[in-house]
Amino acid sequence: MSPLLQVCDLTTHLFTVEGVVKAVEGLSFDLDADETLALVGESGCGKSMTALSLMGLVPDPPGRIVGGQVLLGDRDLLQLSEHEMQKIRGNEIAMVFQEPMTSLNPVFTVGDQIVESVLTHRQVSRRQARERAVELLDLVRIPDPRGRFDDYPHRLSGGMRQRVMIAMALACDPDVLIADEPTTALDVTIQAQVLDLLGELQGEFGMGVILITHDLGVVAGIADRVVVMYAGRKVEEAPVDDIFASPLHPYTQGLLGSMPRPGLEERLREIPGVIPSLIDMTPGCSFAPRCAKAMARCREEQPDHATIGDARVVACFAAEEEVAGRGLAVDT
Amino acid sequence: MNRTFLAVRRRLLQAVPVVFGIVAIIFLLLNLSPGDLVDVMAAEEQISDPQVLEQIRAEYGLDKPIYVQLANYVWNIVHLDLGYSFRHSQPVWDVIVERLPATLILMSVSMALALFIGGLAGVVASIKVNTLYDNLISVVAIIFFAAPSFWIGLMMMVLFSVKLGLLPVSGMYTIGGDYSLAGEIWDVTRHLVMPSFALGLFYAAIYARVMRASMLEVSGLDFIRTARAKGLGEKRVAFKHILRNALLPVVTLFGLQLGTMLAGSVVIESVFSWPGIGTLVFEAVLTRNFPLVMGVLLFGSILVVIANLAVDLVYMRLDPRIELR
């Protein structure tokens with residue numbers, strides 16, 4: 001079966017006064033229905049820009065998708081006109097944003113905002129759309145959905161607003177849901193609730209979910225597969241268990257090493273250095289300046305994506321050597 | 001809604017001392033200006049006998065100390081007596097009420113034009129930001145903002161009345177015209193076109209600038225991205241999601257400017273001989289007809305107080321986060 005969503009070689013650049021920022025550079029991944037794919041990396045590594053690229057919402061200027069394909073079924077979303085894209089946004093691909101406090105329009109009731117989503121893509125009466133909205137509010141576990149329908153966003157807490165955002169995203173039963181750091185702005189207890197909710201709804205709706213996060217705890221909780229991004233590129237991809245059990249890329253190892261664990265006595269290990277400027281990229285591997293395992297070759301050549309086993313991908317010369325040393329098949 | 005009603009009532013009660021404060025300040029300011037009604041009359045009637053002048057002053061109560069005059073005036077206002085205009089040989093109230101409709105028509109039409117033209121221009125400029133349309137709108141707005149409205153009025157007269165002969169030069173009615181209701185409405189409308197544009201375009205220019213800036217600011221906010229992510233078209237995003245939020249600064253400005261517009265209408269009414277309050281107050285100041293000046297200013301301050309309350313109510317309708325207290 002072909003995957004639900006195929007991203008091939010997606011490249012998004014920001015054309016700024018200081019130069020071209022290579023926000024997303026040759027990114028490829030597949031997403032199956034019923035699967036949660038986590039897109040992981042630190043701030044500024046191109047995660048959110050990837051999400052906006054898939055939605056066709058890259059702010060232009062300064063941003064522009066300069067290459068690649070985003071295949072939903074057999075359509076390449078990057079070739080569609082703005083008008084055709086509008087029919088897909090919120091309908092086949094929906095998105096939940098990071099900031100629930102500012103992502104809802106303050107002057108319309110939450111109910112009306114959900115109704116608007118329904119009416120944009122479905123030929124139903126206002127009354128039917130209203131019923132659907134109440135149903136959705138109930139689905140995201142908002143108590144007294146009928147009463148909440150007429151509330152304005154400022155009367156709801158952050159967690160409640162994020163539930164409304166999720167309800168709005170699910171309004172048209174999308175195939176793909178992109179959640180861009182959906183819990184970052186929330187309290188820890190609320191985070192867990194919202195993640196549980198997302199997990200349940202994913203099963204219920206059979207959606208493919210792309211979860212963008214920098215929180216590895218979140219990844220461990222609900223992801224099936226993980227794509228680790230660094231400086232606009234994919235550096236590693238693996239099933240979630242493999243990532244945590246045997247990370248291959250030094251950057252992934254660094255990320256896991258800097259994760260707090262219960263019972264950990266010593267000081268957390270951080271990754272030395274800072275993320276490189278995405279404008280003046282050095283010819284070699286972009287992680288080389290911070291990498292303990294960097295070799296002379298790493299500073300000259302960009303490592304290609306090597307497939308390891310049948311489900312893992314890594315872009316690192318050191319990791320390739322290591323894996324080959326263990327006698328595993330490496331396919332570059 | 002009951003809470004709104006209570007809030008409105010409280011605001012109106014609070015406005016009473018404000019209006020009286022305004023009355024006292026204007027009264028004192030007017031008395032600071034040199035010359036009074038009697039000086040003007042003396043000059044006009046060639047009276048030079050100081051005794052006669054004193055006698056006239058005593059007759060009109062102008063010989064009493066200022067605070068007594070003020071107290072008398074306030075006492076009269078409480079009894080809804082605005083005094084007597086000796087120039088018109090009519091009570092001030094009657095003079096004002098006779099002239100008020102003309103000004104209210106001019107002001108409301110000008111404001112409506114300003115809001116509509118300025119708002120629309122601002123929205124278009126923000127949607128087409130940094131294009132030819134945007135620049136064109138900006139340039140036109142700057143011209144109307146910078147050019148004095150009386151000059152624009154005069155130029156319109158030259159073009160539309162003198163050269164093209166499309167519109168009547170000035171006044172509000174054609175003497176000896178059609179006196180049926182429809183004919184009269186049509187007549188007034190034709191007379192209204194130039195003064196209302198001359199007065200309104202200045203404000204339209206301001207609204208266009210504010211609207212553009214406000215729309216651009218709102219269009220960068222998170223919830224606009226959410227609206228786009230729903231799959232809404234650009235028009236719907238602009239006219240529903242952005243516009244509603246961007247209107248607030250324009251409404252604020254609108255409330256603030258109702259007062260200045262009354263002042264602006266003095267000039268335009270003079271240029272176009274529009275028989276409203278503006279021309280009235282202009283003549284009244286020149287002839288030191290203080291009861292009439294006071295009366296007009298009193299009306300003006302009440303108008304501004306009511307307009308501000310109305311703005312607050314509109315605010316509340318536009319933005320549910322705002323509540324009237």
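Two residues are in contact here if their C-beta atoms, placed from the backbone, lie within 7 Å. Keep that cut-off in mind as you go, and remember that this is a predicted model.

**Stop 1: two helices in chain B.** Select residues 92-127 of chain B, which form helix α5, and then residues 290-318, which form helix α12. Their axes come within 10 Å and cross at roughly 55 degrees. Angles between 35 and 65 degrees fall in neither the roughly parallel nor the roughly perpendicular class, and α5(B) and α12(B) are therefore oblique to each other. The crossing of α5(B) past α12(B) is right-handed.

Now show the side chains where the helices meet. On α5(B), pick V92(B), V95(B) and I96(B); on α12(B), pick P291(B), L292(B), G295(B), V296(B) and F299(B). What kinds of residue make up this contact: nonpolar, polar or charged? Seven are nonpolar, one is polar and none is charged.

**Stop 2: where chain B touches chain A.** Colour the two chains separately. Here 19 residues of chain B are in contact with 22 residues of chain A. On the chain B side, the elements that give two or more residues are α9 (222-229) and α10 (234-271). Select α9(B) before moving on: with seven residues, α9(B) provides the largest share of that side. Colouring the chain B side by residue type will give you seven nonpolar, five polar and seven charged residues.

**Stop 3: chain A as a whole.** Chain A has eleven helices and 13 strands. Its radius of gyration is 21 Å, close to the 20 Å that the globule rule gives for 332 residues, so chain A is as compact as a globular protein of that length. Along the principal axes, the C-alpha atoms of chain A fill a box of roughly 65 × 50 × 45 Å. Of its 332 residues, 48% are buried. Among contacts in chain A between residues at least 6 apart in sequence, 64% join residues at least 24 apart.

**Stop 4: one residue in a strand.** Select residues 63-72 of chain A, strand β4, and find V66(A) within that strand. Is V66(A) buried, exposed or partly exposed? V66(A) has 14 other C-beta atoms within 10 Å, so V66(A) is partly exposed. Beyond its neighbours within four places in sequence, V66(A) is in contact with T11(A), T12(A) and H13(A). To finish, draw a distance line from the C-alpha atom of V66(A) to that of L78(A): these residues are twelve apart along the chain, and the separation is 9.7 Å.

Methods
Residues numbered from 1 in each chain as written. Chains lettered and ligands numbered in written order. Predicted model: local features only at pLDDT ≥ 70, side-chain atom pairs only at ≥ 80, totals over all residues. Helix = DSSP H or I, 4+ residues; strand = E, 2+ residues; numbered from the N terminus. Nonpolar A, V, L, I, M, F, W, Y, C, P; charged D, E, K, R; others polar. Rg over C-alpha atoms; globule rule 2.2 N^0.38 Å. Buried ≥ 20, exposed ≤ 12 C-beta atoms within 10 Å, placed from the backbone. Axes fitted to C-alpha atoms, helices over the stretch in contact; angles between N-to-C directions. Parallel < 35°, antiparallel > 145°, perpendicular 65-115°, else oblique. Left-handed = near helix turned anticlockwise from the far one by under 90°.
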